[in-house]
Amino acid sequence: MTHTATQMLREINEIPGVVERQIRDGAAIYREEGLRLKREQPRFLVTCARGSSDQAVTYFKYLVEIGIGIPVASVGPSIASVFNAKLRFSGGAFLTVSQSGASPDLVSLQQRASAGGAHTVALLNVTDSPVGNSAASVLPMMAGHEKAVAATKSFVASLVALASVAACWTEDHALLDALASLPESLAKALECDWSAAALPLAASHSLFTVARGHSLGIAGEAALKFKETCRLHAEAYSAAEVRHGPIALARDRFAALVFANGDETDESVRDAVEAMTMAGAKVFVAGASAGGAHVLPTVSARHALLNPICRVVSFYRFVEALSVSLGENPDAPALLKKVTQTV
C-alpha cells in the first residue's frame with residue numbers, strides 16, 4: 001500500500017523521535033509527579049478525558065489498579081459542566097488528559113474537582129491552554145504540533161508519559177529501564193507489515209477490536225481510528241466481555257483485530273480468538289498465535305507493559321494506509337475537527 005505521504009503518516013513516522021525527546025527532556029517531570037503521588041498516597045484517582053485521550057487513560061487505569069491497588073474511575077465532564085454537581089474528592093487525585101486542553105467541559109470538571117479537595121494533574125500537548133492554566137500540576141506530552149485530525153503521536157506520547165509516572169510511583173525500575181530503549185522498539189514497530197489484514201477488514205460489514213488488561217485502551221483507540229479515518233464500523237471489547245453476547249455477531253463478513261499483551265491475559269485472548277473463528281469471523285492477532293487466526297508481525301519491548309505501545313504504532317501505520325486505499329483523507333476526516341470543544 002504505497003502512496004504519497006499524508007500528514008498523518010508523517011506524524012506517525014515522528015513517533016520514535018517524540019518518545020526519545022520525552023525520555024531525554026521529560027523524564028524528570030514525570031518522575032517528580034510519580035514521586036509526589038507515592039508520597040501523598042491518594043485513596044483513589046479520578047480521570048477526565050475524551051476520544052483518544054480517554055483510551056490512554058484506560059491504559060493508565062490498569063497500571064495504577066494493578067501496581068498501586070487503588071481504584072481509578074472515569075468521570076463524565078457533564079456532571080460539572082451540565083449538571084453543576086458538587087464533588088467530594090478529598091483524599092483523591094484528579095487527572096485530565098487532553099491534546100489541546102481547550103474543551104470547556106474538561107476545564108469545568110477539573111475546577112470542580114479541585115474545589116472538592118482533589119490535587120489536579122493535567123497531561124497536555126498544549127500546556128498553555130485553559131486546562132493547563134487551571135491545573136495544580138502540568139505534565140507536557142512533548143509531541144510537538146500535531147496537524148492531522150486523527151491523533152497519533154500525541155496518543156503515544158500520552159501512553160509514554162503515563163507509563164513513566166506509574167513506573168516512578170510503583171518504583172518499577174525494570175519498567176524505567178525498558179522505557180529508555182522504547183524509541184528503538186517503536187522504530188522497528190513502524191516496519192511491521194499488516195497489509196494481509198487490509199482486504200478482509202475493509203470487506204467486513206463490521207468488526208471487533210479485542211484485547212484485555214493493559215491493551216484494552218489500544219483496542220479502543222483502534223476502533224476509534226477505524227471509524228474516523230476509514231469509515232469502518234468497529235467496536236472495542238475485552239476478550240472476556242466479547243463472549244458475553246457480542247460474539248453473536250461474529251458470522252459471515254465479520255472480522256476482528258486482536259491485541260495480545262504477552263502477559264497473563266494471553267490465555268483468555270486465545271480463547272476469545274478461537275470462539276470468534278469458530279463462529280465464522282476472520283480474525284487477525286497481533287502479539288500471539290491462536291488457532292484459526294492470522295498472526296500479524298509485531299515487535300516486543302523490553303517490558304510487557306510497553307508492548308501495547310509497540311502494537312499501536314504498528315496499527316497506526318496500517319490504518320493510515322488502509323484509509324488512503326479506501327479513498328479517504330485521514331488528515332481531515334469528514335465532520336471532524338482537530339480541536340473539539342464540548343460543554
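**View 1. The SIS annotation covers residues 33-175 and 197-343.** This "domain: SIS" label comes from an unreviewed UniProt entry; UniProt positions follow the numbering used here, feature names are shortened, and annotations may be inferred rather than shown by experiment. The model is predicted, so local features need pLDDT of at least 70 and side-chain atom pairs count only at pLDDT 80 or more, while totals for chains, interfaces and linings use all residues. Residues are numbered from 1 along each chain as its sequence is written, and side-chain values use heavy atoms, leaving out hydrogens and water. In the span 33-175, the end C-alpha atoms lie 16 Å apart, and the span is 45% helix and 17% strand. Helices (H or I, at least four residues) and strands (E, at least two) are DSSP runs, numbered from the N terminus.

View 2. For 343 residues, a compact globule would have a radius of gyration near 20 Å, and the 19 Å of the protein chain agrees with that. This radius is taken over C-alpha atoms, and the globule rule is 2.2 Å times the number of residues to the power 0.38. The C-alpha atoms fill a box of roughly 55 × 40 × 40 Å along the principal axes. Of the 343 residues, 57% are buried; buried means under 20% relative accessible area, exposed over 50%, and partly exposed in between (1.4 Å probe, protein chains only).

**View 3. Helix α3 runs from residue 52 to residue 67.** Its 16 residues reach 23 Å from first C-alpha to last, close to the 22 Å expected at 1.5 Å a residue; the expected span is 1.5 Å times one less than the number of residues. The buried residues of α3 include Ser52, Ala56, Tyr59, Phe60 and Leu63. Among the elements covering them are β1 (44-48), α7 (153-170) and α13 (307-325). After α3 comes glycine 69, with a positive phi near 90°.

**View 4. Helix α13 is mostly covered, with 16 of its 19 residues buried.** From its first C-alpha to its last, α13 reaches 27 Å, close to the 27 Å expected. Just after α13, look for glycine 327, whose phi is positive at about 85°.

**View 5. Alanine 161 sits in helix α7.** Alanine 161 counts as buried because its relative accessible area is 0%. Beyond its neighbours within four places in sequence, alanine 161 is in contact (heavy atoms within 4.5 Å) with Gln22, Tyr30 and Leu123. Alanine 161 and methionine 142 are 19 residues apart in sequence, and their C-alpha atoms are 9.3 Å apart in space.

View 6. Most residues other than glycine have a negative phi. At 47% relative accessibility, glutamate 171 is partly exposed. Arginine 231 is exposed because its relative accessibility is 66%.

**View 7. The whole structure has 0 disulfides.** A disulfide here is a pair of cysteine sulfur atoms within 2.5 Å. Cysteine 192 is in no disulfide, and the nearest cysteine sulfur, that of cysteine 310, is 8.6 Å away. With a relative accessible area of 12%, cysteine 192 is buried. Cysteine 48 is buried too, at 0% relative accessibility.
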